[in-house]
Amino acid sequence: MNEYFNYQQDKLFVENMALADIAERFGTPTYVYSRAALTDAYQQYANALKGRDHLICYAVKANPNLSILRLFAGLGAGFDIVSGGELQRVLAVGGAANKVVFSGVGKSEAEMRLALAAGILCFNVESEAELLRLNEVAGSMGKVAPISFRVNPNVDAKTHPYIATGLKQSKFGVAYTDALALYRKASKMPNLHITGMDCHIGSQLTESSPFIAATEKVLQLVDTLAKDGIKLEHLDLGGGLGIRYKDENPPSIAEYINALLTALNGRVEKLIVEPGRVLVGNAGVLLTGVEYLKPGEEKHFAIVDAAMNDLMRPALYDAYHSIQPIRRRATPASLYEVVGPVCESGDFLGHARELSIEQGDFLALMSAGAYGMSMSSNYNTRPRAAEVMVDKDKVALIREREKVEDLFAGEKKYL
Ligand code: LLP
């Protein structure tokens, strides 16, 4: 619950709209985003960075819906992408290519060509092999590729192991101890231009200290490079700031940025950040309807029409999403396992939730704006959910509910 999603009497509202009305009109499951919440989170970054040379590169993977990208582009955002597909989304909404940084350990030649042709700001290079390929591809196009190395600072992000990326044993980035040699090598390559250094140590971090530790290690390298005559134009400190799902207490955006700025201690290089979750996570919910209540000997099940294919985080990370009724009932609550229709025991959305519900009620899975729709799948031939955006008392469909025919069109033509 926050200022954009809250109860008015017994009804859950997003901005000035009752979620019940949205469920009736668009059906379920449906992702619902608050335009004001998205804008507010972005503005908190922009305000905290005011007066400093900076670029906020929204991590597209958190939620790549075109309307969300267009909203952020309009607010001045750049973008952090990890595929050619994400670049095409950014370009499709008129996002500026020269504000795009390209991360990822497996950039293909075709993706490099696309990004070079578009004229992106920087390739965040994650291995020596990638460096060699990029130099070749750029040369073959008569271009010079702007690069930074993603350095792995070997810092423990203290988060779920699946989303920690900054430890030595991680596949991400170049080893801290190899970074200097790689910069020296890159500086001699004809089709590359060194512009920065970057690091990203993980996601859903709830403390500032790992960010500070990583920044300090990055700065040591920057100083050593400067002595070698390699001067950097920007420092990209990645994303990763966590949000509250249940009872976490992450630093606010302003506290986090102030901590980074303190660690940067007056450096003049442009500061790039790559926030994903913190811009969209608490700006969205997943609306779902209760299909059946199924009492059991040991547990009661609430079987809802959203499943692990719509919101994978509980099944994959054992992640917690608060589950709220969109109309509160006065009747006593019971404990429910909230589960979807998918044929897997891992298909759950919440364990032991205290709810007062009946068949046909609607529920909201809270904090679902980040890595919800973007990680959804068609498992069990389930069409993906619709997405809508609310702006005060108006709601707009921003992605149609998928149709089953869409799912097998590519197979049918071979029958
Ligand atoms: N930059 C890079 C290079 C990244 O790999 C990521 C996220 C971000 C920025 C944005 O991080 P954020 O600010 O959103 O924490 N599916 C997982 C999260 C995976 C994050 C992957 N990388 C989840 O649902 O928790």
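This report walks through a predicted model of a protein chain with a ligand, starting with the domains and ending at the ligand.

Let's get our bearings first. Where the two touch, domain 1 puts in 10 residues and domain 2 puts in eight residues.

**The nonpolar cores**

Now for the inside. The largest nonpolar core counts 122 residues, and Ile22, Tyr45 and Phe123 have the most contacts inside it. Both domains take part in this core: domain 1 (5–33 + 281–407) and domain 2 (104–273) each supply at least three residues. Leaving aside residues up to four places away in sequence, Tyr45 touches Ile56, Leu241, Ile253, Tyr256, Ile257, Val273, Pro275, Val278 and Leu279. There's another core too, lying apart from the largest one; it has five residues, including Leu55, Cys57, Val101 and Ile272.

**Around the ligand**

So where does the ligand sit? Domain 1 (5–33 + 281–407) and domain 2 (104–273) both give residues to the shell around the ligand, so the ligand lies between them. That shell is made up of 19 residues, and the closest are Ser203, Glu274, Arg313, Tyr317 and Tyr371. Sort the shell by type and you find six nonpolar, seven polar and six charged residues.

| Residue | Atom in the protein | Distance to a ligand oxygen atom |
|---|---|---|
| Ser203 | polar side-chain atom | 2.4 Å |
| Gly276 | polar backbone atom | 2.9 Å |
| Arg277 | backbone N or O atom | 2.8 Å |

How much of the ligand's accessible area does the protein cover? On its own the ligand has 590 Å² of accessible area, and the protein covers 92% of that.

Technical notes. Residues are numbered from 1 along each chain as its sequence is written. This is a predicted model: local features need pLDDT of at least 70, side-chain atom pairs count only at pLDDT 80 or more; totals for chains, interfaces and linings use all residues. Side-chain values use heavy atoms; hydrogens and water are left out. A residue is near a molecule or strand if one of its heavy atoms lies within 4 Å of it. A polar contact is a pair of N or O atoms within 3.5 Å; within protein, one must be able to donate a hydrogen and the other to accept it, and residues adjacent in sequence count only if both atoms are side-chain atoms. Accessible areas come from the Shrake-Rupley method with a 1.4 Å probe; for residues, only the protein chains shown count as cover. Ala, Val, Leu, Ile, Met, Phe, Trp, Tyr, Cys and Pro count as nonpolar, Asp, Glu, Lys and Arg as charged, and the others, Gly among them, as polar. Domain bounds come from an automatic or database domain assignment. A nonpolar core is a set of buried Ala, Val, Leu, Ile, Met, Phe, Trp, Tyr and Cys residues joined through side-chain atoms within 4.5 Å. Buried means under 20% relative accessible area, exposed over 50%, partly exposed in between (1.4 Å probe, protein chains only). Contact means heavy atoms within 4.5 Å.
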